[in-house]
Amino acid sequence: MANYSTSEFRGGLKIMLDGDPCNIIENEFVKPGKGQAFNRVKIRNLKTGRVLEKTFKSNETVPAADVVERELEYLYTDGAFWHFMDSDNYEQYQADAAAVGDAVKWLQAQDRCQVTLWNEAPILVEVPNFVVLQVTETDPGLKGDTSGGGGKPATLETGAVVRVPLFVQADERIKVDTRTGEYVGRVKD
Amino acid sequence: MLVASRTDWRPGATLPVMRARAQLLRRVRDFFAARDVLEVETPLLGRAFGTDPAIQPFVVREDTATWYLQSSPEFYMKRLLAADSGPIYQISKAFRQGEAGRRHNPEFTLLEWYRPGFSAVDLMDELADLMRYLLGTVLEVQNCPYAELFAQTLQLDIFAADAGALRDCAVAQQIPDAADLVLERDAWLDLLWAECIEPQLPPEQLTFVTDYPASQAALAELNAQDPRTAARFELYYAGLELANGFQELTDAAAQAARFNADNVQRQRAGQPILPLDTRFIAALQHGLPRCAGVAVGLDRVLLAQLELSSLDQVQTFATERA
């Protein structure tokens, strides 16, 4: 397995720390003029999602994490696992709840997700930035109100609840920003 | 074929920044011309390299020889001084392998000058004059001995504390991973300095940190009145380390002993042993006049002057763009 030296640290580099695959978020090189150099590094543990800070002596090496990112199609859930497929070779992968995390709120069949695989198993599922989902339940808005001010909660087909303008009705399809959980607009077919 | 992105051919520095750099260089030359200090040039490609364990060379290999891109023009300039050059300055590129970040670039611009007959204190005064001239502002000056900063900020007596006590202090200061790091004593001081002391130095004034511990003397003389410390100083301004200066060590035997000690430490750390610069030692044996010298990182001066945050903004093509 390859090693990375601190001089190769960049945002996005995947390394192994204490047995867990991690993603480097930020790396700062610190060195008093004639002294020892250090790297102050911000890291996300890809298994737990936790962000932590680490101090490395410069030129220390750490093992690379055998992590690959694939675009996979979401198929279905059996309650315990969420099943994905690589459309190129039809290979299937199952992700547990920890790997799916918050993405579960937005997942619907045929979504193309960015899935991080570690030793061939999914550890992180990222949904597209924007998804289109059907409203299954929301209070009927006041007739004639198109201002959109205030808004109301709406439950979507995946179970997620987002705030929508008063004019949005049940059975309509809406576009949502999955990064913020905010309503973007109505989608007319 | 390597496909570059469409914008990474562009310089990091904008045209106004490039003009500010040109003006900075002009002002440096005006300053020294008015003081009768001679501008000199020395090789970037040298046969030898400083042994400092914290500075790694770019090595250039030919079929028949090995060369080192210089990390500072210090040895050559001291050879000029030993040959009776009188006061000299140089603006040159310097190279340090592996130093890259917002405030570091492996290739950078150094202003270095030497003053025969000056003490470190005289040279600090001249450096403060230069900074006021370059930045065009009145700047307050404060001198802080290195050990006092540790005493005030961390209640630590650096002369009494061993590596274990320094480590305990780093752990108490909640420096990430302090408990797991394996460091030599001076590296613990460096870590505490970088994490706890440097960020607290007042940015609006010129702070001279003086009297570094003898273990970090580099090429400075030890202080006669307290040989636990060396006549080495650094200048901090706007949160940046801008300059490093010495009352220069003139004793050839002491210098050779320090080089050897550096190489012992290099060996312990698994770093390559570097050849001794015998011509430099010979110049010291011939006689280096009592002098003080200082090196100023001009890219960082520009960073402070323009209130920018990254060297990439003040260099046309920092190494990432080179």
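Predicted model: local features only at pLDDT ≥ 70, side-chain atom pairs only at ≥ 80, totals over all residues.
**Close-up views of cavities, a pocket and helix contacts**

Residues are numbered from 1 along each chain as its sequence is written, chains are lettered from A and ligands numbered from 1 in the order in which they are written, and side-chain values use heavy atoms, with hydrogens and water left out.

**View 1. Lining of the largest cavity.** A cavity is a set of points, on a 1 Å grid over the protein atoms alone, where a 1.4 Å probe fits but cannot get out; lining residues have an atom within 4 Å of a point. Grid points are joined across faces, edges and corners, and a volume is the space filled by probe spheres set on the points. The lining of the largest cavity has 31 residues, and B:R96, B:F108, B:L110, B:E241 and B:R300 lie nearest the centre. At least two lining residues come from each of β6 (107–116), β10 (240–247), β11 (291–297) and α9 (298–306) of chain B, with β10(B) giving the largest share, six residues. Helices (H or I, at least four residues) and strands (E, at least two) are DSSP runs, numbered from the N terminus. By class, the lining has eleven nonpolar, eight polar and twelve charged residues (Ala, Val, Leu, Ile, Met, Phe, Trp, Tyr, Cys and Pro count as nonpolar, Asp, Glu, Lys and Arg as charged, and the others, Gly among them, as polar).

**View 2. Lining of the second largest cavity.** The volume of the second largest cavity is about 70 Å³. From chain A, the lining takes A:P32, A:G33, A:K34 and A:G35; from chain B, it takes B:Y146, B:D190, B:W193, B:Y212, B:Q216, B:R232, B:E234 and B:Y236. β9(B) gives the most, three residues. Five lining residues are nonpolar, three polar and four charged.

**View 3. The second largest pocket.** A pocket is an open set of points with protein on both sides within 12 Å along at least five of seven lines. The second largest pocket has a volume of about 510 Å³. Its lining has 28 residues, of which A:D102, A:A103, A:L124, A:V125 and A:E126 are the closest to its centre. β11(A) supplies the largest share of the lining, four residues. The lining is made up of eleven nonpolar, nine polar and eight charged residues.

**View 4. Contact of α5(B) with α6(B).** The axes of α5 (residues 163–172) and α6 (residues 185–197) of chain B come within 9 Å and cross at roughly 25° (axes are lines fitted to C-alpha atoms, for helices over the stretch in contact, and angles run from 0 to 180 degrees between N-to-C directions). α5(B) is therefore roughly parallel to α6(B), a term for angles under 35 degrees. Their crossing is left-handed (the near helix is turned anticlockwise from the far one by less than a right angle). B:A163, B:L166, B:R167, B:C169 and B:A170 of α5(B) are in contact with B:R185, B:W188, B:L189 and B:L192 of α6(B), where contact means heavy atoms within 4.5 Å. Seven of the contact residues are nonpolar, none polar and two charged.

**View 5. Contact of α2(B) with α8(B).** Helices α2 (residues 74–82) and α8 (residues 278–287) of chain B pack at an angle of about 30°, with their axes 9 Å apart. The two helices are therefore roughly parallel to each other. Residues B:F75, B:K78, B:R79 and B:A82 of α2(B) make the contact with B:R279, B:F280, B:A283, B:H286 and B:G287 of α8(B).

Key. Parallel < 35°, antiparallel > 145°, perpendicular 65-115°, else oblique.
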